[in-house]
Amino acid sequence: MNKYFIFLFIIVLCGPVHADPVPSNAIDTDHIHRLLKHLGYPENTWELIEKELATLLTKIDFPHLKLEAAQAKSNPLKLKEFVAKLGGLIEQEGYIDRQTLHPLIKLLTTSLVNDDISQVIFTSPISFWQKVDSNKALVACTAISQLGSIILDLLDINVKVAFSPAHVFNCIPLDDGQVLFVDFANQLFEIVDINQYYYNLGSRTRKLKDQYLISPDRIREINGQLTNELQSDSLQELLCFLYLYIYISDDYATTPGILMNFANIYSRKGNYEEAIADYNKAIGMDPEYAEAWRERGIIYGNKGELDGAIADLNKAIELFPDFAEGYHDRGSIYSSKGELDNAISDFTQAIIIDRNFAEAYHDRGIAYGNKNELDRAISDYNKAIEIDPYFSESYQSRAEAYFSKGEYDKSWKDIHKVEDFGDEVSPDLIEKLKKASEFRTFLPIGLIAAPVLILMIFRFF
């Protein structure tokens, strides 16, 4: 959840509010309780959530919004305008900001777990800004999507959830295969022809079509942008970066996606047992959730439980035969087991599915190198670098292959490229290259000097 990094900025600053709650006849309390139960919130949190929610609904004039929603639902463009207005109101009231966590957002986030995942983040050995970014992602992918789901449902708008491995958001089905993507976290509201942009992989899973993919270096540029800059990018780039794979659930309940987000955070911090527990819960709620099987398989691989990893990746591929990442990850496990032919077969299948899968080319090159098929390995490293010119590992791997072939000048050139990126080069490779280069320098001198020395010996003795 683990190769794709989404910039989700939604920590909230809001002071105490002193508004009268929405009149009891404006919303159905039982309806709210049913929603909270459906979304998996413990019953002892319902009263607090309902109180905070009533305050918000009062401030955004919920009764008037409900009338507007009824008028807008039949017209997709008007519905888009209405939902964007709702997102603006939520942001205006301080629920989507970058400073202090609002009580309602905190309730909606932490009520789904027994322990404080923020504590896991902030006690982990990573930089302060990595901790902040992880905490923002945790909040973004949970609370805002849940808040949006609840309000849209109360407005009698048929809302579902769409989530990628790293992001949870909402969507509203329209006619003729179109959906309205509703991403309150990033304040993005777009009507998308789902069949134009996505392949249907079955079981509610879709993958962005090849012609809309963007290069890895462009993804890096977008990753560095703030939310307001993001909104100026083209629809194709937004889709590629935020929603490369989307999973549209049968209803708006985002709990499996939330559990995946928790599990991904645990995984990044090395808390594998906690991660597996949440992947187990996500799979229990949605047994066809291929990404959960894949991510749990990766964790088993990291723990050295290779057979368990392969079993989970087999299941992910069974669910989605075109799951390029699943084949790639299974290939990596086969490589760890020394089953190089199986690894090469899986990497090749990943490449067939996704011709721009730079990591699959690189890792297949590693497998070829381990079989001493160096020309094939170098060909794959070349392709990985062609796809992603900033793929430092491919330059280093190619340098190793060139060294093995005795092409030391080419090896040095790739090493210098890695150094230009600011990355560390294998000290062992540098030492071997220095010795090989020195030997190559002194060898011609020795060849010239040897006959002279022999003549001198014969002359004096």
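Buried means under 20% relative accessible area, exposed over 50%, and partly exposed in between, with a 1.4 Å probe and protein chains only. The model is predicted: local features need pLDDT of at least 70, side-chain atom pairs count only at pLDDT 80 or more, and totals for chains, interfaces and linings use all residues. Residues are numbered from 1 along each chain as its sequence is written, and side-chain values use heavy atoms, without hydrogens and water.

**Exercise 1.** Classify cysteine 171 and cysteine 240 as buried or exposed, and count the disulfides.

*Solution.* Cysteine 240 has 4% relative accessibility and therefore counts as buried. Cysteine 171, at 1%, counts as buried. A disulfide is a pair of cysteine sulfur atoms within 2.5 Å. The count by this rule is zero.

**Exercise 2.** Determine which residues touch the most other members of the largest nonpolar core, and list the contacts of isoleucine 246.

*Solution.* A nonpolar core joins buried Ala, Val, Leu, Ile, Met, Phe, Trp, Tyr and Cys residues through side-chain atoms within 4.5 Å. Among the 55 residues of the largest core, those touching the most other members are Phe181, Tyr198, Leu208, Leu239, Tyr243 and Ile246. Contact means heavy atoms within 4.5 Å. Beyond its neighbours within four places in sequence, isoleucine 246 is in contact with Phe163, Phe169, Phe181, Ile194, Tyr198, Arg204, Thr205 and Arg206.

**Exercise 3.** Classify asparagine 302 by accessibility and state its C-alpha to C-alpha distance from glycine 270.

*Solution.* Asparagine 302 has 45% relative accessibility, so it counts as partly exposed.
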